[in-house]
Amino acid sequence: MSDHKTDHATKMTWVPEASCGMARAGHLHTRHGTVPTPTFMPVGTVGTVKGMTMDAVRSTGAGIVLGNTYHLMLRPTADRVQKLGGLHRMMDWPGPILTDSGGFQVMSLGALRKLDEDGVTFRSHIDGSKHRLTPEISTDIQFKLDATITMAFDECPALPATPEALRKSMEMSMRWAARSREAFVAREGYGQFGIVQGGTERDLREYSIKALTEIGFEGYAIGGLAVGEGQELMFSTLDFTTPMLPQDKARYLMGVGTPDDLLGAVMRGVDMFDCVMPSRAGRTARAYTERGAINLRNARFAEDTRTLTPHDDTPVAGRYSRAYLHHLFRANEMLGPMLLTWHNLAYYQRLMRQIRAAIVDGTLDALAVKLREDWAKGDW
Ligand SMILES: CNc1nc2cc3c(=O)[nH]c(N)nc3c(CCc3ccccc3)c2[nH]1
């Protein structure tokens with residue numbers, strides 16, 4: 001008797017369109033719409049992409065936004081989000097939403113925590129109250145949030161770590177992945193992603209992929225990276241990890257990254273990305289441009305009448321001078337972080353569109369050379 005739960009494959013599918021070397025262009029079809037990949041997903045941790053209305057987020061071309069089990073279970077709680085109609089209704093975002101499972105945030109945010117085979121007990125960084133996350137609790141919270149894509153509950157070990165410690169952590173995450181899948185309620189157009197662990201060890205990554213693909217998920221995330229290992233180790237880990245993943249499922253590299261990280265990871269077969277950098281940089285006067293990043297608090301921008309980028313495809317890009325943004329940040333005006341977050345997210349979306357178009361017309365290698373040259377040139 002087959003296990004009906006896992007056989008009842010949800011209709012979330014990733015369909016390839018073109019490839020260029022290891023890079024792929026495709027579409028992710030979900031209950032809340034279809035998203036072209038490669039795609040960059042803005043982080044909306046507590047039900048908001050900080051400083052942005054969802055109309056502004058949509059204007060950048062973003063397709064999927066992220067939410068966070070850890071933050072939302074603490075405030076306003078999963079039950080209240082469910083009462084408010086789920087994240088889509090509460091945030092007024094009709095597109096797909098991916099929520100992380102919370103384990104990563106507990107490790108990096110939760111002050112005191114106790115980890116055991118069953119799950120993790122931790123105290124809220126907001127009011128010190130005690131909470132518990134297990135694969136079942138995390139999966140149920142993501143159901144109440146009405147996440148389009150649910151992430152398996154895992155442990156993301158800090159690097160550097162010994163191969164033995166990485167193996168123990170990865171094996172527990174694989175047991176948790178099976179429990180997460182068991183707790184997942186399959187619905188038309190919804191999906192659950194398994195998270196590959198194993199640090200930078202090829203044999204552990206191989207074991208993890210085997211375990212996850214035997215369980216069967218609608219997509220696979222590469223976890224355990226972007227935790228300080230550096231770009232070289234991240235890329236070398238991708239070099240042997242992505243080829244072992246199923247060709248017909250989306251791959252999501254968690255927590256990545258800078259524009260140069262995105263380019264290199266797409267060229268190594270990754271389809272989906274998330275990173276707080278463009279948003280966080282927007283709040284700290286750091287602007288991403290075609291010529292690298294610049295700090296708008298710097299006095300050299302005080303009378304610089306140029307815009308941030310030659311493109312004028314967003315309400316921000318072609319309208320505001322560097323001098324004005326410099327003034328807003330010096331004056332600590334809230335419009336500064338709002339406009340610069342908008343600009344940075346639009347830059348990331350424009351970059352992903354450029355990369356995707358180059359995959360489709362087979363010119364990705366030439367684009368990579370051009371992008372890296374321009375980033376190295378420094379301000380235009
Ligand atoms: C910045 N680097 C970074 N490395 C990560 C590794 C993991 C990992 O191994 N497991 C899980 N579950 N998440 C990770 C995350 C968080 C990504 C996220 C944040 C916000 C919303 C939705 C998703 C990571 N982020």
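How do the residues of the shell around the ligand divide into nonpolar, polar and charged?

Modeller: First, a bit of housekeeping: this is a predicted model, where local features need pLDDT of at least 70, side-chain atom pairs count only at pLDDT 80 or more, and totals for chains, interfaces and linings use all residues. Residues are numbered from 1 along each chain as its sequence is written, and side-chain values use heavy atoms, with hydrogens and water left out.

Now your shell: it divides into eight nonpolar, eight polar and three charged residues. Here Ala, Val, Leu, Ile, Met, Phe, Trp, Tyr, Cys and Pro count as nonpolar, Asp, Glu, Lys and Arg as charged, and the others, Gly among them, as polar. In total, 19 residues surround the ligand (each has a heavy atom within 4 Å of it). The closest are D100, D154, G224, L225 and A226. The strand β5 (65-68) gives the largest share, three residues (strands are DSSP runs of E, at least two residues, and helices are runs of H or I, at least four, numbered from the N terminus).

Let's zoom in on some atoms. A polar side-chain atom of D100 is 2.8 Å from a ligand nitrogen. A226 uses a backbone N or O atom instead, 2.9 Å from a nitrogen atom of the ligand. Over at Q197, a side-chain N or O atom lies 2.9 Å from an oxygen atom of the ligand. Taken alone the ligand exposes 540 Å², and the protein buries 89% of that (areas come from the Shrake-Rupley method with a 1.4 Å probe).

Note on methods:
Polar contact = N/O pair within 3.5 Å; in protein donor to acceptor, adjacent residues only side chain to side chain.
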